Amino acid sequence: MIRHLVLFKLNDGVGRDEPRVVKGVEAFRALGGQIPELTFWECDWNITDRPIAYDFAINSAVEDTDALQRYLEHPAHQAGVAQWREFATWVIADYEF
């Protein structure tokens, strides 16, 4: 199994309640039911307010590297990423467990 973690940081001046951000969150929340390769899916806003904290997190799992690649290339995933590119940056970590 592979854990796929993503941490998002909203760009300066971008708020969680902006319509484009709300739509981006909705797009990511829906992925768990749209992409069969995902064996685990959760995402939500960070609840801490520390200077080093990121704003939004995705915690997911897939069976193997082939499944990870199919997930990354899936049109629903690509559509969500395109939305988030407009208002955030992110870091990822993929590891076997």
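Trainee: Why is Ala 93 called partly exposed?
Mentor: Its relative accessibility is 34%. Buried means under 20% relative accessible area, exposed over 50%, and partly exposed in between (1.4 Å probe, protein chains only), so 34% lands in the in-between class. Before we go on: this is a predicted model, where local features need pLDDT of at least 70, side-chain atom pairs count only at pLDDT 80 or more, and totals for chains, interfaces and linings use all residues. Residues are numbered from 1 along each chain as its sequence is written, and side-chain values use heavy atoms, with hydrogens and water left out.

Trainee: Which residues does Ala 93 touch, beyond its neighbours within four places in sequence?
Mentor: Arg 3, His 4 and Leu 5. Contact here means heavy atoms within 4.5 Å.

Trainee: How do you know that the side chains of His 4 and Asp 94 make a polar contact?
Mentor: They are joined at 2.4 Å. The limit is a pair of N or O atoms within 3.5 Å; within protein, one must be able to donate a hydrogen and the other to accept it, and residues adjacent in sequence count only if both atoms are side-chain atoms. The 2.4 Å value is within 3.5 Å, so the distance passes.

Trainee: Why is the pair Arg 29 and Asp 44 called a salt bridge?
Mentor: The N to O distance between their side chains is 2.8 Å. A salt bridge needs a side-chain nitrogen of Lys or Arg within 4 Å of a carboxyl oxygen of Asp or Glu, so this pair qualifies. Arg 29 lies in helix α1 and Asp 44 in strand β2, so the pair ties together parts that are 15 residues apart in sequence. Helices (H or I, at least four residues) and strands (E, at least two) are DSSP runs, numbered from the N terminus.

Trainee: What about Arg 70 and Glu 37: what makes them a salt bridge?
Mentor: Their side chains meet at 3.0 Å, N to O, which is within 4 Å, so they count too. Arg 70 is in helix α2, and Glu 37 is in the loop between α1 and β2, 33 residues apart.

Trainee: Are Arg 70 and Glu 37 buried or partly exposed?
Mentor: Arg 70, at 42%, falls between the cut-offs, so it is partly exposed. Glu 37, at 17%, is under 20%, so it is buried.
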